[in-house]
Amino acid sequence: MIVKRIGYVGMRTEHLERMTWFFRDVLGLREATVGETFSILNLPTGVFDFAEVYSPRHHDQRMIPDGVEGPVVAFVVENLELALREVKEAGLEVIGDVVWAAEAFGAPAMEGVGWFFLRAPDGRVYVIEQSVD
């Protein structure tokens with residue numbers, strides 16, 4: 001697989017408000033959406049590139065698996081299904097299912113955007129993502 005860019009950085013933290021403030025007010029990222037247990041901010045690299053912050057109370061395996069603290073980094077690739085095959089052939093653990101955003105969130109504008117989580121040899125969790133440029 002060939003990585004095009006980093007498209008996501010996410011973390012679970014006890015400091016949701018302070019980390020949202022840091023990304024928004026210190027780093028200058030624009031809020032995409034904010035909920036009671038999460039904040040998603042736009043990265044300047046792509047339409048669907050985000051910095052995401054989750055509280056420990058946030059439980060949505062599609063966004064960040066339970067038990068993962070982070071930071072979690074997503075590597076954007078051209079073809080998610082090919083990347084998934086390569087990860088499995090390498091013997092790495094895939095966590096959960098592939099998430100296709102348009103289907104999972106009823107967001108037709110996110111057609112072609114998908115991802116999956118994997119555990120690297122050191123035990124850390126990463127994401128492989130297909131996005132739209």
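Asp 122 has a relative accessible area of 46% and is therefore partly exposed, a label for values between buried (under 20% relative accessible area) and exposed (over 50%), found with a 1.4 Å probe on protein chains only. Its salt-bridge partner is Arg 124, with N and O 2.8 Å apart; a salt bridge here is a side-chain nitrogen of Lys or Arg within 4 Å of a carboxyl oxygen of Asp or Glu. Arg 124 counts as exposed, at 54% relative accessibility.

The model is a predicted one, in which local features need pLDDT of at least 70 and side-chain atom pairs count only at pLDDT 80 or more, while totals for chains, interfaces and linings use all residues. Residues are numbered from 1 along each chain as its sequence is written, and side-chain values use heavy atoms, with hydrogens and water left out.

By the salt-bridge rule, the count comes to nine. One of them joins Arg 24 to Asp 25, at 2.9 Å from N to O. Both side chains belong to partly exposed residues: Arg 24 has 30% relative accessibility, and Asp 25 has a relative accessible area of 46%.

A further salt bridge links Arg 119 with Glu 93, whose closest N and O atoms are 3.1 Å apart. Arg 119 lies in strand S7 (residues 114-119) and Glu 93 in strand S6 (residues 93-100), so this pair ties together parts that are 26 residues apart in sequence. Strands are DSSP runs of E with at least two residues, numbered from the N terminus. Arg 119 is partly exposed at 32%, and Glu 93 is partly exposed at 42%.

Key. Helix = DSSP H or I, 4+ residues; strand = E, 2+ residues; numbered from the N terminus.
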